[in-house]
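This report looks at the overall make-up of a protein and then at two of its parts in more detail. Please keep the sequence and the structure in view while reading.

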Amino acid sequence: MTISKNSRRSFLKSGGSVMGASWLALNMPLIVTASQTAAEYKAGGAAYSNLSIQESVELGAIVDQIIPPDETPGATEIGVVYFIDVALGDFMSGAAPMLREGLEDLQQKTRSAYPDTRLFSELSFEDQTNVLKSVEDTPLFGTLHFLTMCGMFCLPS
(Lines give C-alpha, C1' and ligand atoms only; values in the text may rest on other atoms or scores of the structure.)
Protein backbone atom coordinates (compact mmCIF):
# COMPACT_ATOMS: atom_id res chain seq x y z
CA MET A 1 0.00 0.00 0.00
CA THR A 2 1.38 3.40 -0.99
CA ILE A 3 0.66 6.53 1.02
CA SER A 4 0.70 9.78 -0.90
CA LYS A 5 2.78 12.73 0.26
CA ASN A 6 -0.37 14.80 0.66
CA SER A 7 -1.88 12.36 3.13
CA ARG A 8 1.38 12.26 5.12
CA ARG A 9 1.48 16.04 5.21
CA SER A 10 -2.14 16.16 6.28
CA PHE A 11 -1.45 13.60 9.00
CA LEU A 12 1.56 15.51 10.31
CA LYS A 13 -0.30 18.81 10.20
CA SER A 14 -3.29 17.43 12.10
CA GLY A 15 -0.93 15.70 14.54
CA GLY A 16 0.66 19.06 15.30
CA SER A 17 -2.75 20.54 16.01
CA VAL A 18 -3.58 17.67 18.36
CA MET A 19 -0.25 18.09 20.15
CA GLY A 20 -0.82 21.84 20.50
CA ALA A 21 -4.29 21.30 21.91
CA SER A 22 -2.93 18.66 24.30
CA TRP A 23 -0.18 21.01 25.50
CA LEU A 24 -2.76 23.74 26.04
CA ALA A 25 -5.06 21.41 27.99
CA LEU A 26 -2.22 20.18 30.19
CA ASN A 27 -0.96 23.68 30.89
CA MET A 28 -4.30 25.45 31.29
CA PRO A 29 -3.99 25.64 35.10
CA LEU A 30 -0.60 27.37 34.71
CA ILE A 31 -2.01 29.77 32.12
CA VAL A 32 -4.98 30.66 34.33
CA THR A 33 -2.72 31.18 37.34
CA ALA A 34 -0.37 33.36 35.27
CA SER A 35 -3.36 35.39 34.07
CA GLN A 36 -4.60 35.92 37.61
CA THR A 37 -1.13 36.94 38.81
CA ALA A 38 -0.69 39.30 35.84
CA ALA A 39 -4.04 40.94 36.55
CA GLU A 40 -3.01 41.51 40.19
CA TYR A 41 0.37 42.95 39.15
CA LYS A 42 -1.23 45.26 36.60
CA ALA A 43 -3.87 46.44 39.08
CA GLY A 44 -1.16 47.16 41.65
CA GLY A 45 1.21 48.81 39.15
CA ALA A 46 3.94 46.30 39.97
CA ALA A 47 7.32 46.35 38.29
CA TYR A 48 8.07 43.64 35.76
CA SER A 49 9.93 40.67 37.18
CA ASN A 50 11.32 39.08 34.03
CA LEU A 51 11.32 41.88 31.46
CA SER A 52 13.33 45.06 31.31
CA ILE A 53 11.46 48.32 30.85
CA GLN A 54 12.66 48.51 27.23
CA GLU A 55 11.59 44.92 26.52
CA SER A 56 8.15 45.67 27.96
CA VAL A 57 7.79 48.74 25.73
CA GLU A 58 8.80 46.79 22.62
CA LEU A 59 6.54 43.86 23.50
CA GLY A 60 3.71 46.31 24.15
CA ALA A 61 4.08 47.68 20.62
CA ILE A 62 4.03 44.15 19.18
CA VAL A 63 1.04 42.88 21.15
CA ASP A 64 -0.88 46.05 20.25
CA GLN A 65 -0.28 45.14 16.63
CA ILE A 66 -1.83 41.72 17.32
CA ILE A 67 -4.81 43.15 19.23
CA PRO A 68 -4.87 46.90 18.62
CA PRO A 69 -6.78 49.39 20.70
CA ASP A 70 -9.85 50.69 18.93
CA GLU A 71 -13.39 50.73 20.36
CA THR A 72 -12.16 48.19 22.90
CA PRO A 73 -8.93 48.11 24.90
CA GLY A 74 -5.86 46.79 23.14
CA ALA A 75 -3.58 44.06 24.39
CA THR A 76 -1.30 46.37 26.38
CA GLU A 77 -4.18 48.09 28.12
CA ILE A 78 -5.64 44.70 29.12
CA GLY A 79 -2.30 43.66 30.64
CA VAL A 80 -0.90 41.20 28.12
CA VAL A 81 2.67 42.42 28.74
CA TYR A 82 2.23 41.60 32.43
CA PHE A 83 0.99 38.14 31.40
CA ILE A 84 4.06 37.63 29.21
CA ASP A 85 6.29 38.77 32.07
CA VAL A 86 4.69 36.26 34.47
CA ALA A 87 4.73 33.48 31.85
CA LEU A 88 8.45 34.00 31.17
CA GLY A 89 9.12 33.47 34.86
CA ASP A 90 7.00 30.33 34.91
CA PHE A 91 5.70 27.95 32.26
CA MET A 92 7.37 29.78 29.34
CA SER A 93 10.76 30.35 30.98
CA GLY A 94 12.49 28.27 28.31
CA ALA A 95 11.25 30.69 25.64
CA ALA A 96 12.90 33.76 27.21
CA PRO A 97 16.24 33.48 25.30
CA MET A 98 14.41 32.97 21.98
CA LEU A 99 12.18 35.99 22.65
CA ARG A 100 15.16 38.18 23.49
CA GLU A 101 17.03 37.07 20.36
CA GLY A 102 13.87 37.61 18.32
CA LEU A 103 13.44 41.12 19.73
CA GLU A 104 17.03 41.95 18.81
CA ASP A 105 16.47 40.61 15.29
CA LEU A 106 13.30 42.72 15.07
CA GLN A 107 15.27 45.82 16.11
CA GLN A 108 17.86 45.08 13.42
CA LYS A 109 15.13 44.75 10.80
CA THR A 110 13.63 48.02 12.07
CA ARG A 111 16.93 49.87 11.73
CA SER A 112 17.52 48.36 8.27
CA ALA A 113 14.09 49.38 6.99
CA TYR A 114 13.96 52.73 8.82
CA PRO A 115 17.54 53.99 9.38
CA ASP A 116 16.40 57.09 11.25
CA THR A 117 14.61 54.95 13.85
CA ARG A 118 16.34 53.18 16.71
CA LEU A 119 13.45 51.11 18.12
CA PHE A 120 10.45 49.25 16.76
CA SER A 121 8.17 51.00 19.26
CA GLU A 122 9.14 54.40 17.81
CA LEU A 123 7.63 53.56 14.42
CA SER A 124 4.14 54.53 13.34
CA PHE A 125 1.50 51.81 13.58
CA GLU A 126 1.64 51.30 9.80
CA ASP A 127 5.45 51.05 9.76
CA GLN A 128 5.33 48.59 12.68
CA THR A 129 2.91 46.48 10.63
CA ASN A 130 5.34 46.48 7.71
CA VAL A 131 8.25 45.34 9.89
CA LEU A 132 6.17 42.63 11.57
CA LYS A 133 5.24 41.20 8.18
CA SER A 134 8.91 40.31 7.77
CA VAL A 135 8.89 38.21 10.96
CA GLU A 136 5.35 36.78 10.97
CA ASP A 137 6.65 33.26 10.22
CA THR A 138 9.27 33.29 12.99
CA PRO A 139 9.19 31.66 16.43
CA LEU A 140 9.16 35.16 17.97
CA PHE A 141 5.91 36.17 16.32
CA GLY A 142 4.28 32.76 16.77
CA THR A 143 5.11 32.72 20.48
CA LEU A 144 3.99 36.31 21.01
CA HIS A 145 0.76 35.66 19.13
CA PHE A 146 0.07 32.64 21.35
CA LEU A 147 0.93 34.53 24.55
CA THR A 148 -1.15 37.51 23.46
CA MET A 149 -4.21 35.32 22.90
CA CYS A 150 -3.71 33.61 26.26
CA GLY A 151 -3.14 36.87 28.10
CA MET A 152 -6.06 38.59 26.42
CA PHE A 153 -8.72 35.94 26.68
CA CYS A 154 -7.83 33.58 29.51
CA LEU A 155 -9.70 35.45 32.24
CA PRO A 156 -13.29 36.42 31.52
CA SER A 157 -12.82 39.81 33.21
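## Contact between H2 and H7

Which residues in H2 meet which residues in H7? In this predicted model, the H2 side of the contact consists of Leu 59, Ile 62, Val 63 and Ile 66, and these meet Phe 141, Leu 144, His 145, Thr 148 and Met 149 in H7.

Helix H2 spans residues 53–66 and helix H7 spans residues 139–153, and their axes come within 10 Å of each other while crossing at roughly 75 degrees. Because angles of 65 to 115 degrees count as roughly perpendicular, H2 and H7 are described as roughly perpendicular to each other.

## Helix H4

Helix H4, which covers residues 80–88, is mostly covered, with 9 of its 9 residues buried.

## Overall make-up

The protein contains 7 helices and 0 strands, so that its elements, read from the N terminus on, run α-α-α-α-α-α-α. Of the 157 residues in the protein, 36% are buried, and the accessible surface comes to about 9200 Å², of which carbon and sulfur atoms account for 57%.

Among the contacts between residues at least 6 apart in sequence, 71% join residues at least 24 apart.

Methods. Residues numbered from 1 in each chain as written. Predicted model: local features only at pLDDT ≥ 70, side-chain atom pairs only at ≥ 80, totals over all residues. Heavy atoms only, no water. Axes fitted to C-alpha atoms, helices over the stretch in contact; angles between N-to-C directions. Helix = DSSP H or I, 4+ residues; strand = E, 2+ residues; numbered from the N terminus. Parallel < 35°, antiparallel > 145°, perpendicular 65-115°, else oblique. Contact = heavy atoms within 4.5 Å. Buried < 20%, exposed > 50% of the residue type's maximum accessible area, 1.4 Å probe, protein only. Areas by Shrake-Rupley, 256 points an atom, 1.4 Å probe, with all protein chains shown as cover.
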